[in-house]
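Subject: A structure for you to explore

Hi there,

Here is the structure I promised to pass on to you. Have a look around first, and then read my notes below with the model open beside you.

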Amino acid sequence: MKIVVCIKQVPDSWADKKLAPADSTLDRASADRVLNELDEYAVEAALQLAETHGGDVTVLTMGPDEASEAIRRALSMGADAGIHLVDDALHGTDAIGTSYALATILAAREFDLVIFGSESTDARMSVVPAMVAERLGLPQLTFAGKVEVDGTTARIQRVTDYGYDEVEATLPAVVSVVEKANEPRYPSFKGIMAAKKKPVETLSLADAGLDVGQVGLGQSWSLVDSFAARPPREKGTVVDDGGNGGVAIAEYLSAQKFI
Amino acid sequence: MAEILVLVDHVDGSIKKVTLELLTLARGLGVPVAVWVGPGVDTAALAEYGAETVVVADSADLLNHPVAPKTDVLAAVVAERAPAAVLIASTAEGKEIAARLAVRIGSGIITDAVDVDADLVATQSVFGGATVVRSKVSHGVPIVTVRPNATSPEASAASGTRVDISVTPAASSTGARITNRVVATKGGRPELTEASIVVSGGRGVGGAEGFAVIEGLADSLGAAVGASRAATDAGWYPHQFQVGQTGKTVSPQLYVANGISGAIQHRAGMQTSKTIVVVNKDPEAPIFELADFGVVGDLFAVVPQLTEQVNSRKG
């Protein structure tokens, strides 16, 4: 089974993030860079499927030079190879353009499954997997809390507000996983050493056959008008319990007309 | 005046509150047209909140596949009626429908809006609520997903004229099949992202059995129950109730955080709540920075006392 995992390098999800004043894009220098946390679950899901059914795992990312660190992280977990789309013209590309770039690269390759994390912890839109499925005309098996493959059929539990839907499709398919799906492994020392020797293909826009008119900040179909830091919340009242904390809250809620 | 499409979010014909919020918002932008996918349309309820027209794709089969058939219906309605904008609830599925629609019809998309102005400038709250962004779709028919609780639903009667549309899903839209729906939500409580009040528990709850105290308070207030990632990762409460960066984002009128320290992971999911009440035994917990009202104390003493107070004040 051939699996491609789409990953993204993001600012550390535990750090405070900022927008760059010059062009309203993410200020990537404002925080440490890490492999998007949810993508670790996608890599783990792929590794487990490849271990069970045989096959190989390729990770694909689009991002600046430093994004190769995210590829190395996935390779050190056990992925077999990497593809890095890197080009200055990609700066500021929105979700529509990202899905175009990823889908174009995927369409030129053979695979049984494409696996994403269900969201990136910076943009948090959760739209790229659905967009890629739409562009490729492939079944969409997203928000999976559990992924299984049986012959040529993939089955997932799609997490919903009320519980989950059992959804199935014939391969190839596009999957996204939530963190309920598994427990990502930590790279071993052996894995980290082995990752250094694994192949990483670097592609420019031209190499990938991508149209420069469909990516980049200038081609974004939505524009930031303005942005500002949220004004800090007014400092509230904090009291010690002293045996009457519950009553104090009840009085506050009553004054605010909640009860 | 131009038409604004609103995709109705319903479960087996029961309309979710967010749809009424979207209709309320749409009235300020143009003429609201509700789009209903599946059987059991309730035109009266949609008319009551301002839908001049209700476009109905009355086919149960459209609901047997996730996401894509709803995109097919919306694309057909957009082609037929050329609306000024499309509003969809910013739920996991709503955002995916919007995503596919944006690619399909070649339009820009804005997700997680907390407001939309008359000139279709959307306000978003990003990076866990730390930054407020105003942006606008610059290409095609603007597609905006709006978070539940962005506005209060207000009734305003309109005609609600039913117009049927027959949509055969594209072959590529039916590749994924829903074979079973499993309802795991505990009955009676409002849905987490829609609830006006959310009562959450975190590491301080100490275990699965401790959540009975959280649920007790939630039920007294008619609230939904949420949990921090520490609590869901530990298996104390089901994953779908996780509030935070990797879980649900909620924006209720009132959020009560119990035994939650307030790491950015959690703040990202609840920072835009209108009023925040905190109970935590650690006075240094960062969650107190967000509190409109906070009590430093043991939640197992404070919360039951509060529950009793709420119940007696109601009586």
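Let's begin with one residue: is A:Glu37 buried or exposed? Because its relative accessibility is 16%, and the cut-off for buried is under 20%, A:Glu37 counts as buried. Please keep in mind throughout that this is a predicted model.

A:Glu37 also has a partner in the other chain. It forms a salt bridge with B:Arg229, with the closest N and O atoms 2.6 Å apart. The pair crosses between chains, from helix H1 (residues 37–53) of chain A to helix H6 (residues 229–233) of chain B. B:Arg229 counts as buried too, at 10% relative accessibility.

**Where the two chains meet**

Between them the chains bury about 7,200 Å², and 56% of that is on carbon and sulfur atoms. On the side of chain A, three residues supply more of the buried area than any other three: A:Asp161, A:Trp221 and A:Arg233, with 11%.

Just after the helix, A:Lys257 takes a positive phi of about 70°.

Strand S9 (residues 163–170) of chain A pairs with strand S12 (residues 177–183) of chain B in the antiparallel sense, over six bridges. If you want to find one of the bridges on screen, A:Tyr164 has B:Val182 as its bridge partner in S12 of chain B. A salt bridge to look up is the one between B:Arg177 and A:Glu168, whose closest N and O atoms are 3.4 Å apart.

**A strand inside chain A**

Now turn to strand S7 (residues 140–150) of chain A, which is mostly covered, with eight of its eleven residues buried. Which way does this strand run beside strand S8 (residues 153–159) of chain A? The two run antiparallel and are joined by six bridges. A:Asp150 stands opposite A:Thr153 in S8. In the hairpin that these strands form, there are two residues between the strands, and A:Gly151 takes a positive phi near 65°. With strand S10 (residues 173–177) of chain A, S7 pairs in the parallel sense over three bridges, and there A:Ala144 has A:Val177 as its bridge partner.

**More salt bridges**

Over all chains, the count of salt bridges comes to 35. One of them joins A:Arg185 and A:Glu44, at 2.8 Å from N to O. This pair links distant parts of the chain, 141 residues apart: A:Arg185 lies in the loop between S10 and helix H5 (189–195), while A:Glu44 is in helix H1. A:Arg185 is partly exposed, with a relative accessible area of 26%, whereas A:Glu44 is buried at 3%.

Another salt bridge brings together A:Glu119 and A:Arg124, at 2.9 Å from N to O. Both ends are buried: A:Glu119 has a relative accessible area of 11% and A:Arg124 has 13%. There is also a network, in which salt bridges with shared partners join A:Asp161, B:Asp9, B:Lys16, B:Glu191 and B:Lys248.

**Two buried residues in chain B**

B:Asp112 sits in strand S7 (residues 109–116) of chain B and counts as buried, at 12% relative accessibility. Its side chain makes a polar contact with the side chain of B:Arg147 (3.4 Å). Further along chain B, B:Thr272 is found in the loop between helix H7 (264–270) and S16, and it counts as buried at 15%. Residues in contact with B:Thr272 include A:Arg230 and B:Arg147.

Enjoy exploring!

Key. Residues numbered from 1 in each chain as written. Chains lettered and ligands numbered in written order. Predicted model: local features only at pLDDT ≥ 70, side-chain atom pairs only at ≥ 80, totals over all residues. Heavy atoms only, no water. Buried area = accessible area lost by both parts, 1.4 Å probe. Salt bridge = Lys/Arg side-chain N within 4 Å of Asp/Glu carboxyl O. Pairing = 2+ DSSP bridges. Helix = DSSP H or I, 4+ residues; strand = E, 2+ residues; numbered from the N terminus. Buried < 20%, exposed > 50% of the residue type's maximum accessible area, 1.4 Å probe, protein only. Polar contact = N/O pair within 3.5 Å; in protein donor to acceptor, adjacent residues only side chain to side chain. Contact = heavy atoms within 4.5 Å. Lists of a residue's contacts leave out its neighbours within four places in sequence.
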